[in-house]
Amino acid sequence: MFKPATHKLIASAAKARSAQSFSAFYATVRGFRHDPEPPEDVEHAAENDFILSILRSNPSARDAKSYLASFGARPRPTPARTLSPPPVLPQQQVARDVQFATAEEPKPSPIISSILDPVHQRTSLVKLQGPFTERQLESIARGMVYLQKLGLVSVIIVEQDRVPRGEEGEREIILEETTRVVEALEKQGAKTRPVLGAIVRLGPKPGDDSAASSSQAPAPIPEAHTFPSDLSPIRSALRAGEIPVLSPLALDSFCRSVRVDANDVIAALARGMIEAADFDRTQPPAETHPDIMDNVDLTPMRLMIINREGGVPSYARSGLPHLLVNLDSEYQYIHDTFQSTWKATHPTALGNLALARTCLAYMPPSSSAIMVNHRAPSSLIGNLITNKPAVSSSLPHALLQGNRSLTFHTPTLLRRGLSVEVIRDHANIDKAKLTRLLEQSFGRVLNSDAFFARLEKDLDFAIVAGDYAGAAIVTREPSADGSAPPIVYLDKFAVLPSHQGDGTVDFLWVALHDETYGLGLPFSVNPNGGKEGQGEGRDLVWRSRANNPVNKWYFERSSGHVRMGDWVLFWCDAEKRLKTEEGRRASAGLSYVEEWERGRLAMWSHVVPKIASSWK
């Protein structure tokens, strides 16, 4: 924590531009800093709040497994066997082990225990988009400290929206804002390292011009770049267990340190840290000091944008935020549907959307970005552990509209995502890739000849995510007597095991909703290559084994279900028909069984169980 008298020293040091002045400033700040010692009751309260934040995220076993894959112990080479005698434990350690063995204290949940004991440190890029009050900074800093306890060390870039670039004294204001963030973090017990010099360089990286002109450019090229050697301050801070806090500065072509848009710094760091981490993996392990952490991965696995606006507003939710964004297929459509009134309430939303798209294009496929209001810092913990949105975007629209947890402060989760394509001609389906997807997803052998012969005759449409990372197959099943319209039947819904938990399931189900029971409503006008909201909604029907663990997920998304021996029959009612009827009857509401519903359950129960199995 900084003493009041230190501010004048900081302000004068911030004006110095040379490396020598910066080094002297940093040494002075380190000399004034001391580790805060909060009162015991405050410390316990903070710890309880930390654990409650984890419990509120409600992590499943799959979530914990995914979390441990990133933060748990990594397999190490088995050391050569030696005949040296076993080490002797200190008496205090022996006594403590004996006491633990005999006390028989209740053990916490293994999921929570594994989350509370991270082994491997990972990094995240955090855009702190102020200005914030002292109380707001305190809340944000507490969230950053919680994330560090869970194994995610933040690299923070401070932005000050209310100071236009080019304004006189802007540099001093930005450095002062950076100092406020450092103080807030250290009050929460964190160790920090202010990085007040430029570590990125303006302009494209050498060779980027030729890459941009080719069709192989992997992503939008950032407006700035960095080299592995430039990242020494960040690397050093992370290895020392400190949170680096950066000002949005860059070196121009004359090697002058100038203020730039924080988005340019973050995009350059996302790319540069990935390249540096790849380089590190090619180097032999080096001996490190005992106090230096050698298990920090520079690869950023999260991008966090903390601001006062919150997430990206959605036309489908009357201005409430998008819950989950598939950047690959929705990026341009979000731009096209962004209302002019939102430019006043969310002036940086589209800029942050572009930042997420650029960064995630370089970051690993499992990475995600989150845009969150400063009022909801605890949601960052839920995102870290589950890597899921606060509320699933594939839940029924009526349920989302009535969900009190969905507010203007609900964060937006962004994934690189996959393309989503609707196929209506069976001849355009890649049979080999679909077979591979179904067999890997279900763990069974497909009766390919019978299955594809059936699709040739009964296919309504197929939705394919990416290169067959997931698919939904919908068929038209004739009614018993042929007098009623065909049943819209979800024959297969599958996602590759490698893509389970990365949002593909929600992307697929939302597209399925838009093509069937959600058809005809404004929020179903999505760019998935299908009908784009045009037409009348149709009831969707499917079956699932009674012991299928996925049924809980189906229960939450279906309108109803009925058990039929070894099967459970699910359905989703056409939403436009329900909405129209509700509007016509006003306060009278719908009947328990409407006229159009009579007889349909009996028809479904007669037809669906007789559909032949697709497996050998």
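How are α11 and α14 oriented to each other, roughly parallel or roughly perpendicular? They are roughly parallel, where that label covers angles under 35 degrees, over 145 counts as roughly antiparallel, 65 to 115 as roughly perpendicular and the rest as oblique. Before we look around, a word on the model: it is predicted, and local features need pLDDT of at least 70, side-chain atom pairs count only at pLDDT 80 or more, while totals for chains, interfaces and linings use all residues. Residues are numbered from 1 along each chain as its sequence is written, and side-chain values use heavy atoms, with hydrogens and water left out.

## The whole protein

Welcome to a protein with 22 helices and 19 strands. Of its 616 residues, 49% count as buried. Here buried means under 20% relative accessible area, exposed means over 50%, and partly exposed lies in between (1.4 Å probe, protein chains only).

The accessible surface comes to about 30,600 Å², and carbon and sulfur atoms make up 54% of that area. Such areas come from the Shrake-Rupley method with a 1.4 Å probe, and for residues only the protein chains shown count as cover. Among the contacts with a separation of 6 or more, 74% join residues 24 or more positions apart; a contact means heavy atoms within 4.5 Å.

## Helices and their neighbours

Back to the opening pair. Helix α11 (residues 262-281) and helix α14 (residues 349-362) pack at about 10 degrees, with axes 9 Å apart. The axes are lines fitted to C-alpha atoms, for helices over the stretch in contact, and angles run from 0 to 180 degrees between N-to-C directions. On the α11 side, N263, I266, A267, A270, R271 and I274 take part, and they meet G351, N352, L355, T358, C359 and Y362 of α14. The residues of this contact divide into seven nonpolar, four polar and one charged. In that count, Ala, Val, Leu, Ile, Met, Phe, Trp, Tyr, Cys and Pro are nonpolar, Asp, Glu, Lys and Arg are charged, and the others, Gly among them, are polar.

How many residues of helix α15 (residues 379-386) are buried? Eight of its eight residues are, and the helix is mostly covered. Just after α15, N387 takes a positive phi of about 55 degrees.

## Backbone details

Most residues other than glycine have a negative phi, and most peptide bonds are trans. Against that background, C255 has a positive phi of about 60 degrees although it is not a glycine. C255 sits in the loop between β7 (249-251) and β8 (257-259). Y468, also not a glycine, has a positive phi near 60 degrees, and its place is the loop between β14 (459-465) and β15 (470-477). The peptide bond from G130 to P131 is cis, with omega near 15 degrees; P131 belongs to the loop between β1 (121-130) and α7 (134-149).

## Single residues

Here is how several residues compare in relative accessibility.

| Residue | Relative accessibility | Class |
|---|---|---|
| C255 | 62% | exposed |
| K576 | 24% | partly exposed |
| Y468 | 8% | buried |
| C572 | 1% | buried |
| V608 | 1% | buried |

V608 lies in the segment after α22 (600-607). Leaving aside residues up to four places away in sequence, V608 touches Y489, V541, R543 and L569. The C-alpha atoms of V608 and Y489 are 8.3 Å apart, although 119 residues separate the two along the chain.

K576 is part of helix α21 (residues 575-585). With residues up to four places away in sequence left out, K576 touches Y517, L519, G520, L521, G535 and E536. K576 and Y517 are 59 residues apart along the chain, and 7.9 Å separates their C-alpha atoms.

How many disulfides does the structure hold? The structure holds zero disulfides, a disulfide being a pair of cysteine sulfur atoms within 2.5 Å.

Definitions and conventions: Helices (H or I, at least four residues) and strands (E, at least two) are DSSP runs, numbered from the N terminus.
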